[in-house]
Every structure is written in C-alpha cells, then in structure tokens.
Amino acid sequence: AGVTNSAVALVQVLPPPADLIPFALEPPAQAVAGQPMSLSWSITNAGTSAAAGPWQETIYLSSLPDGSARRALGTVSFSGSINAGQVLRRTISVTVPADLSGPQYLVVSEDSGNWLQETVESNNLLLAATPTEINNADLIVSRLDAPANAQFGQTIPLTWVVGNSGSAPANVQWSDKLFLSH
C-alpha cells in the first residue's frame, strides 16, 4: 500500500533589521561636578528597515581616552522610530557625579539594553574625541587661630578660614568640624 507523506514548512520572513549608529557627539568643554550638563549627538539608521522603539540610550563618563572603565551617568528610553536613512538629533541633560574632577570622556551607547535586532551591534558606542574638564570645589582650611594654652573646662576662642583651591565655586552648604588633640 502506498503511503504518502507531506509536510508544510511555515517560514516567517522578517524584514532586514535596522542599524543604529550614533555620531556627531558634542561634549561640553567644561562641566561642574554635582551639576547638570547638556549633551547632544545624532543617530542615523544605516539599516534598510525602520528602527521602532523602545530602546535605551546610556550616557557614560570615562577617565580613559579609549572609553573603558566607564561610569554610567544615566539611561533614557526612546520610544519613537527612525526610518532607514533618517537622522535624529538627541539632546539630554545628565548630572555630573559630585566626586569627579579632571578630564572625563563622554560615551554614548545606543540600544544599550540590546532591545533592537540590528545588522551590526558593534557600532552602537560613540566616544567623544576630546575630554570634558570636570571642575570641582576643593575646600581647605587656610588658617587656624587658637590660644597656645587652655585649661580643662575653659571656653577658648577659635577662628579659621576656609578657602577653595578647586576649579569650581563651592555653591553648596557645608559644615566644619573641629577636633582637639594633644
């Protein structure tokens, strides 16, 4: 007896993926630690299909010119879409960590959460060519006046001067602590 086998294969044809590429990063020349900093860059879709959100964009700072050992400043979600060949300009504000100072390189990562299928995943990172100088206050005691001798239980007059040897103004409140030792 003749047995006939037949099979039907279902093939889902997906459109070619998008390819997000960040470019034209404009880092500020200077920023102040603990304060907001504005950052602008562009994204192009070099793929042949639209890139439909959502996806994540993460902003980093690195003290190294190659962008390694980076520290995340923030992640934002993008929920729009970018057609093939389209360019989109992005501007966001991030707060510079208060403990940073000196030259720092900005890094932008498109689709940092890997939510989009892309033809090339290795071109989503953009490193600023020049560093942003992070200015920070550096408070120091520049003078302390105290009597040479005192008696136990006696109130003594103390005066001191605090100066800022940093590269940014000290626009925050602070408190001073005095310790007596012998």
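Here are some friendly notes on this predicted model, point by point.

1. Ground rules. This is a predicted model in which local features need pLDDT of at least 70 and side-chain atom pairs count only at pLDDT 80 or more, while totals for chains, interfaces and linings use all residues. Residues are numbered from 1 along each chain as its sequence is written, and side-chain values use heavy atoms, with hydrogens and water left out.

2. The sheet. An open sheet is built from three strands in the order E1-E3-E8, with antiparallel pairing. Strands here are DSSP runs (E, at least two residues), numbered from the N terminus, and two of them pair if DSSP finds at least two bridges between them. E1 (20-26) and E8 (87-95) are the edge strands, each with a single partner, so one side of each has no neighbour in the sheet. From one strand to the next the twist averages 30°, taken between N-to-C directions of lines fitted to C-alpha atoms, on a scale from 0 to 180 degrees.

3. The E3-E8 pairing. Nine antiparallel bridges join strand E3 (residues 36-45) to E8. Pro36, for example, has Thr95 in E8 as its bridge partner.

4. A look at Met37. This residue lies in strand E3 and is buried, at a relative accessible area of 3%; buried means under 20% with a 1.4 Å probe, protein chains only. Its C-alpha atom is separated by 5.9 Å from that of Thr95, 58 residues apart along the chain. Leaving aside residues up to four places away in sequence, Met37 touches (heavy atoms within 4.5 Å) several residues, including Pro28, Leu73, Ile92, Leu106 and Thr132.

5. The largest nonpolar core. Such a core is a set of buried Ala, Val, Leu, Ile, Met, Phe, Trp, Tyr and Cys residues joined through side-chain atoms within 4.5 Å. The largest one has 26 residues, of which Leu25, Trp41, Ile59 and Leu106 touch the most other members. At least two residues come from each of E1, E3, E5 (55-62), E6 (71-78), E8 and E9 (102-110), and E3 gives the largest share, four residues. Beyond four places in sequence, the contacts of Leu25 include Trp41, Leu106, Val108 and Leu127.

6. The largest pocket. A pocket is an open set of points on a 1 Å grid where a 1.4 Å probe fits, with protein on both sides within 12 Å along at least five of seven lines; lining residues have an atom within 4 Å of a point. About 380 Å³ of space lies in the largest one. Its lining counts 17 residues, with Ala146, Ile156, Leu158, Phe179 and Leu180 closest to the centre. Strands E12 (139-145) and E13 (159-164) each supply at least two lining residues.

Technical notes: Buried < 20%, exposed > 50% of the residue type's maximum accessible area, 1.4 Å probe, protein only. Points joined across faces, edges and corners; volume = space filled by probe spheres on them.
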